[in-house]
Structures are given as C-alpha cells and as structure tokens.
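Me: I'm new to this one and would like to learn how to read it. Could you walk me through a few features?

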Amino acid sequence: MSSTSSHSGGNVVESPELSKLRKICGYGHIFLILVTIFCTLLLALSIVAFCIFLVIDDPTIMDQDRHTMIITMGTAVIDFAAFTTISYLLDRIIKTMKNGESPFTNDNAHILVHMATISVVSAVASIVGQVVGIMVLNPENYPGSIPFVQIGGAIVLYSLALIFGYGAQLQKESDETL
C-alpha cells in the first residue's frame, strides 16, 4: 500500500487508505488512553482492597476467608497492573500508525514481545495464586481456573511480534533498494 498518491508542488497527498488508518488510529489512541486510565483506577482500588484485607482484624471474618481475599486481591493487583501496562504499550504502537509511520519497526516488535511477556507473567501469577489458595485454604471455597485468555493472548502477541519483526526487516530491505 502506497502512503502517497501524488506530489504536487512539494506537497505530499495521502492515499485514502492511509488517511482512514490514521483516523482510526486516532480514535484508537483516545480509546486506549481511556482504557489505561480506567485500568489505573481499578489497579488503585485493588491495591487499597489488598491493603485493607492485610490489616483487617475483624473477629467476624474467619482467617480462611481473609486469606482467600488477600490472595484474590493480590492476583487482581497483578492483573490490573498487567492490563494497564499492556494498554499503555499498545497505545505506543497505535500512535506510530496515527502519525503515519510504518508499524513494522523493531521497536514495535519489541513492544509486542514485552506485552506477551507481561501476559505470561500475569497468567503465571494467577496460577500460583490459585495453587496457593487451594493448598493453604479449603479447596471447596477456592475455585480454580486456567487463565486461557492471558496464555492465548501471549501466543498471539508473540506471533505478532515475529510478524512485525519480519515486516521491519522487509521494510529495511525495501528502503535500501530505493
């Protein structure tokens, strides 16, 4: 896809495709800023809840329930930190496209690898939290699940990182031949 359609008097005219992409990325940038703010607020709330359950000394709450909430809130803190960071990193990629730059850069490939790594860390933390919850607490009171979304997301993000890295290599070769 060509980014320009003609040169007239030194002015570069954008192709309709690039113009649409930049417009959509502009909306995506605004959306990701809102998502990042929302996730940051949820992260702050989960940190507060985690701290409350750490220091609470209410005789009506059984220790087992308190431990369950500490593990649940600790996992929530890690998940919201991961979501916040991933939405911020995704916004960095969207901003390059919004500015009309090629998304196929080594920097964007590295950002996708970081996003995949964060997703894996979030999944591992969730699994560890569940194992600890089941081992320490009564298994009937602690439902377990496998974090398929984080694991699948990590696989997709890593695959995209490879594609973006290959695209960056092709872009470099194309630029060198011109």
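Me: Let's start with L41: is it buried or exposed?

Reply: This is a predicted model, so everything here is read from predicted coordinates. The idea is to look at relative accessible area, where over 50% counts as exposed. L41 comes out at 52%, so it is exposed. You'll find L41 in helix α1, residues 16-55.

Me: Which residues form a nonpolar patch on the surface?

Reply: Start with a general point: an α-helix has 3.6 residues a turn, so residues three or four places apart point the same way. Here, the patch is made of Y27, I30, I33, L34, I37 and L41, and together they have about 610 Å² of accessible area.

Me: And S126, why does that count as buried?

Reply: Buried means under 20% relative accessible area. S126 has 10%, so it counts as buried. S126 sits in helix α3, residues 106-136, and, leaving out residues up to four places away in sequence, it touches T75 and P147.

Me: What about α4, which residues are buried there?

Reply: Q150, A154, L157, A161, F164, G167 and A168. Helix α4 covers residues 148-177, and its 30 residues reach 43 Å from first C-alpha to last, close to the expected 44 Å.

Me: Where does pLDDT stay under 50?

Reply: Where pLDDT is low, the predicted coordinates should not be read in detail. Here that stretch is residues 1-9, for which the model has 16 contacts beyond four places in sequence. The chain averages 84, with 85% of the residues scoring at least 70.

Notes
Residues numbered from 1 in each chain as written. Predicted model: local features only at pLDDT ≥ 70, side-chain atom pairs only at ≥ 80, totals over all residues. Heavy atoms only, no water. Patch = residues over 30% accessible without salt bridge, like charges linked within 9 Å, V, L, I, M, F, W, Y side chains within 5 Å. Areas by Shrake-Rupley, 256 points an atom, 1.4 Å probe, with all protein chains shown as cover. Salt bridge = Lys/Arg side-chain N within 4 Å of Asp/Glu carboxyl O. Helix = DSSP H or I, 4+ residues; strand = E, 2+ residues; numbered from the N terminus. Buried < 20%, exposed > 50% of the residue type's maximum accessible area, 1.4 Å probe, protein only. Contact = heavy atoms within 4.5 Å. pLDDT = per-residue confidence, 0-100. Expected span 1.5 Å × (residues − 1).
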